[in-house]
Structure formats: C-alpha cells, structure tokens
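Open the model in your viewer and keep the selection panel at hand. The stops below go residue by residue.

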Amino acid sequence: MSCWCEGDPVLTSFGVGVIISCPSEVIPTNNVEQNYNVLLWRVPGKSIGSGTIAHLQSHALIMKLPVAPGMTTTLLSDETKEVMVHAYNTSLDSFLVSPLSESLSDPAQF
C-alpha cells in the first residue's frame with residue numbers, strides 16, 4: 001500500500017488529480033477501504049473551481065506524479081523555463097506543457 005499525502009498529484013482510475021484530503025487515521029483492518037478526496041479534471045489556467053472533487057477509495061489511486069494539469073513547474077532540461085501543465089499521457093508517460101512567459105514563445109526551444 002502506498003502512502004498518499006494531501007497535495008500529492010496522482011494518477012487515478014479516472015484521470016490525473018491532486019489529493020485534497022486523506023483519511024484522518026489509519027484503519028488497522030484490511031476489510032475497510034481508505035477514502036481520499038481528489039480534485040480531478042482541473043482546467044489549466046483556470047481556478048481550482050474548474051475541477052471536480054471525487055471521493056475515491058485507495059484502490060483507485062494508481063501512482064504519484066510530479067505534477068498535475070493546471071500546475072506550473074519548470075522543465076527538467078532547463079529549470080529557468082516555466083511551463084503550465086495541460087495534460088498527462090499515460091501511454092507515453094509524458095506531459096503536455098506550454099510556456100508561461102513571452103520569452104519562451106518559440107516552440108523550437110522545447
């Protein structure tokens with residue numbers, strides 16, 4: 001069983017989301033599923049209100065990710081280039097991003 005924390009971007013059975021609340025205490029029995037509140041389907045560039053909250057059992061959480069759609073981050077290849085994350089492609093294990101500043105408007109820089 002993985003350890004999931006509030007704020008973790010995660011791949012779920014329903015898409016990529018961010019855990020917004022976790023069970024308050026660990027239930028010692030294997031017969032009871034842990035429930036997590038996850039913000040799914042956030043529209044990049046919009047407020048967190050553009051997503052929806054799902055109440056998911058722990059088996060619906062597949063793996064942690066470094067970021068989720070709607071978050072901003074820097075490129076691994078060049079940490080001076082800030083980008084907005086738009087989507088995660090599970091089959092390619094890659095993210096679709098766009099530059100945040102005008103200085104990065106040349107797609108050849110990516």
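Which residues does Pro 9 touch, not counting residues up to four places away in sequence? Select Pro 9 and show its contacts (heavy atoms within 4.5 Å): Gly 17, Val 18, Met 63, Lys 64, Leu 65, Pro 66, Val 67, Ala 68 and Met 71.

Before going on, note that this is a predicted model, in which local features need pLDDT of at least 70 and side-chain atom pairs count only at pLDDT 80 or more, while totals for chains, interfaces and linings use all residues. Residues are numbered from 1 along each chain as its sequence is written, and side-chain values use heavy atoms, with hydrogens and water left out.

Stay on Pro 9, which is found in strand β1 (residues 9–12); strands are DSSP runs of E, at least two residues, numbered from the N terminus. Pro 9 counts as buried because its relative accessible area is 10% (buried is under 20%, exposed over 50%, partly exposed in between, with a 1.4 Å probe and protein chains only).

Next, select Phe 95 in strand β8 (residues 94–99). Phe 95 is partly exposed, at a relative accessible area of 28%. Leaving aside neighbours within four places in sequence, Phe 95 is in contact with Leu 65, Pro 66, Val 67, Val 85, Ala 87 and Tyr 88.

Now show the rings. The structure holds one aromatic pair (ring centres of Phe, Tyr or Trp, the last by its six-membered ring, within 6.5 Å; planes under 30 degrees apart are stacked, over 60 edge-to-face, the rest tilted). Tyr 88 and Phe 95 form this tilted pair, 4.8 Å centre to centre with 45 degrees between the planes. Tyr 88 is buried, at 13% relative accessibility.

Finally, select the lining of the largest pocket: Pro 66, Val 67, Thr 73, Thr 74, Leu 75, Leu 76, Val 83, Val 85, Phe 95 and Val 97. A pocket is an open set of points on a 1 Å grid over the protein atoms alone, where a 1.4 Å probe fits, with protein on both sides within 12 Å along at least five of seven lines; lining residues have an atom within 4 Å of a point. β6 (72–74), β7 (82–89) and β8 each supply at least two lining residues.

Notes
Helices (H or I, at least four residues) and strands (E, at least two) are DSSP runs, numbered from the N terminus.
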